[in-house]
Protein chains: 2
Amino acid sequence: MAGAADIELAHQLADAAGAIARRYFRKPLAVEAKPDRTPVTAADREAEAAMRDLIARRFPEDGMLGEELGATRAGAARIWVLDPIDGTKSFIAGIPLFGILIALVENGVPVLGVIDQPILGERWLGVTGKATTKNGDAVRTRACAELGAATLYATSPDMFGADRAAFERLKGAVKLTRFGADCYAYAQLASGFVDLVVEADLKAYDFCALVPVIAGAGGSITDWQGKPLGLASDGRVVAAGDPSLGPKTLAILTGN
Amino acid sequence: MAGAADIELAHQLADAAGAIARRYFRKPLAVEAKPDRTPVTAADREAEAAMRDLIARRFPEDGMLGEELGATRAGAARIWVLDPIDGTKSFIAGIPLFGILIALVENGVPVLGVIDQPILGERWLGVTGKATTKNGDAVRTRACAELGAATLYATSPDMFGADRAAFERLKGAVKLTRFGADCYAYAQLASGFVDLVVEADLKAYDFCALVPVIAGAGGSITDWQGKPLGLASDGRVVAAGDPSLGPKTLAILTGN
């Protein structure tokens, strides 16, 4: 369970990371390639360091797992899972669809999630057992019971590797497919404007924060076997605004 | 040549269309499919009608060509080319990367262009012979002489049809490829954060406004043969922030 102190800290983390992201956005910025060839900047590193510092001061027993700075106290019961800039490729292209992702994972289960877009000033907060909010107002996913009526998002067709054929089958079954939004597509799903987000090759820091946001807005989010997402999930994600779309999507993806 | 009265009208058009787009954005909205299966909403139609009304009152002799309401006085020397919401698919998904596109085309040549993002409050204005501005401040493309260092954008890999193999060759030659931004990718190219936008299957109302914006920011924009874009172009577009990238890109696309 995430308590009031956890929610308060999550807001402080998003505020701190957002201030750093805004300072670097659309400024000349050295872009380095990480060993996995994805880009990273000083903005990513500084934003994560600022969040880790706040967590360590407030909850020194808690663990942390971040995209840029790795794991600390990985065996702790409570682990803060951080992606300081999800969508670094958008960030460096001047496109404000990146997001700060913050999750609190308790005994392997995400219980609090934040998706924050610091340029647009939009923050989605999901807490297990509560209604998801955007800037304090409750949001809900929309009904969409048929794949043929669904709007599907994925960040890129190139993220699927060996699962590309499965994704193409799904693309053929939905009404509309769009690319390129990273975490912002999940946020719009929570707000009722997107029906499906299906991705692969994600890391725990990419998806843990999404889980409470989408569940608390009335949607479903699982791996491609329909199992709940946790730290050990394989990085394949199906988020459905209308939970009845989830099994239909899984059936297409697995060819059953 | 676009004069002060043309620039003034262009701002009025963008203001009028933007007010309508903001009123409909993220509101429940009936989405219809056009004969070409692309989506259209009341927001598209009302925004275009408002712009046409302003043009007809100010310059009754001028022609108009709009995405939703077609051609009027198509033989006029001056034609206003309008896309009320470029990126309707983003618009209906709640994602603020759509844009209002306004061009003034004189004797077949685009001489004024506006790319306006009414949710973010960003407006790029290009006028032949003048420096392109964003919200009044001059913008410049950035230097990037090598394809291997370039960030490439396209709205979707599915827009290329028979040219898909050519696009995939280009994708293999650049540093980073991203999808999904419609006109906003060209705007970020003008501002120096994106190096290449390569697309196909565009219509005159999709690309005429881009031409003065990109040329006035120091970039190049042509069809896939390297020819200037005009009303009769075939809808294949190469925009390069660094003009020396243009011929290199064309060589890859054409396999020469």
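# Questions and answers on a predicted structure

Tutor: The buried residues of helix 1 of chain A are covered by elements of chain A that include helix 2 (42-58), strand 5, helix 3 (88-92), strand 6 (99-106), strand 7 (109-117) and strand 8 (122-127). The model under discussion is a predicted one.

Student: Which residues of helix 1 of chain A are buried?

Tutor: Buried here means a relative accessible area under 20%. In an α-helix with 3.6 residues a turn, residues three or four places apart point the same way. In helix 1 of chain A, the buried residues are D6(A), I7(A), L9(A), A10(A), L13(A), A14(A), A17(A), G18(A), I20(A), A21(A) and Y24(A).

Student: How many Å does helix 1 of chain A reach from its first C-alpha to its last?

Tutor: Helix 1 of chain A covers residues 4-24, which makes 21 residues. At 1.5 Å a residue, 30 Å is expected.

Student: Where in chain B does R26(B) lie?

Tutor: R26(B) is a residue other than glycine with a positive phi, near 60°. As for its place in chain B, R26(B) is found in the loop between helix 1 (4-24) and strand 1 (32-33).

Student: Is D83(A) buried or exposed?

Tutor: D83(A) is part of strand 5 (residues 78-86) of chain A. The cut-off for burial is under 20% relative accessible area. D83(A) has a relative accessibility of 1%, so it counts as buried.

Student: Which residues is D83(A) in contact with, leaving aside its neighbours within four places in sequence?

Tutor: A contact requires heavy atoms within 4.5 Å. V31(A) is 52 residues from D83(A) along the chain, and their C-alpha atoms are separated by 17 Å. The residues in contact with D83(A) are E67(A), G99(A), I100(A), L101(A), Y205(A) and D206(A).

Student: What distance separates the C-alpha atoms of L170(A) and G255(A)?

Tutor: L170(A) sits in helix 4 (residues 164-173) of chain A, and it counts as buried because its relative accessibility is 0%. Beyond residues up to four places away in sequence, L170(A) touches L147(A), L152(A), L196(A), V198(A), T249(A), I252(A) and L253(A). G255(A) is 85 residues from L170(A) along the chain, and the C-alpha separation is 9.8 Å.

Student: Which backbone nitrogen does the side chain of E48(B) reach?

Tutor: E48(B) belongs to helix 2 (residues 42-58) of chain B and is buried, because its relative accessible area is 0%. Not counting residues up to four places away in sequence, E48(B) touches G66(B), E67(B), E68(B), L69(B), G70(B), L82(B) and P84(B). At 2.7 Å, the side chain of E48(B) reaches the backbone nitrogen of E68(B).

Student: Why is helix 5 of chain B largely enclosed by the rest of the structure?

Tutor: Helix 5 of chain B runs over residues 183-190. Its buried residues are C183(B), Y184(B), A185(B), Y186(B), A187(B), Q188(B), L189(B) and A190(B). Helix 5 is largely enclosed because the number of its residues that are buried is eight of the eight.

Student: How many disulfides does the structure hold over all chains?

Tutor: A disulfide is a covalent bond between the sulfur atoms of two cysteines. C144(A) counts as buried, at 8% relative accessibility, and C144(B) also counts as buried, at 9%. Over all chains, the number of disulfides is zero.

Student: What ipTM does the model score?

Tutor: Chain A has an average pLDDT of 96, and 100% of the residues score at least 70. The pTM of the model is 0.95, and its ipTM is 0.93.

Methods: Residues are numbered from 1 along each chain as its sequence is written. Chains are lettered from A and ligands numbered from 1 in the order in which they are written. This is a predicted model: local features need pLDDT of at least 70, side-chain atom pairs count only at pLDDT 80 or more; totals for chains, interfaces and linings use all residues. Side-chain values use heavy atoms; hydrogens and water are left out. Helices (H or I, at least four residues) and strands (E, at least two) are DSSP runs, numbered from the N terminus. Buried means under 20% relative accessible area, exposed over 50%, partly exposed in between (1.4 Å probe, protein chains only). The expected span of a helix is 1.5 Å times one less than its number of residues. pLDDT is the predictor's confidence in each residue, from 0 to 100. A polar contact is a pair of N or O atoms within 3.5 Å; within protein, one must be able to donate a hydrogen and the other to accept it, and residues adjacent in sequence count only if both atoms are side-chain atoms. A disulfide is a pair of cysteine sulfur atoms within 2.5 Å.
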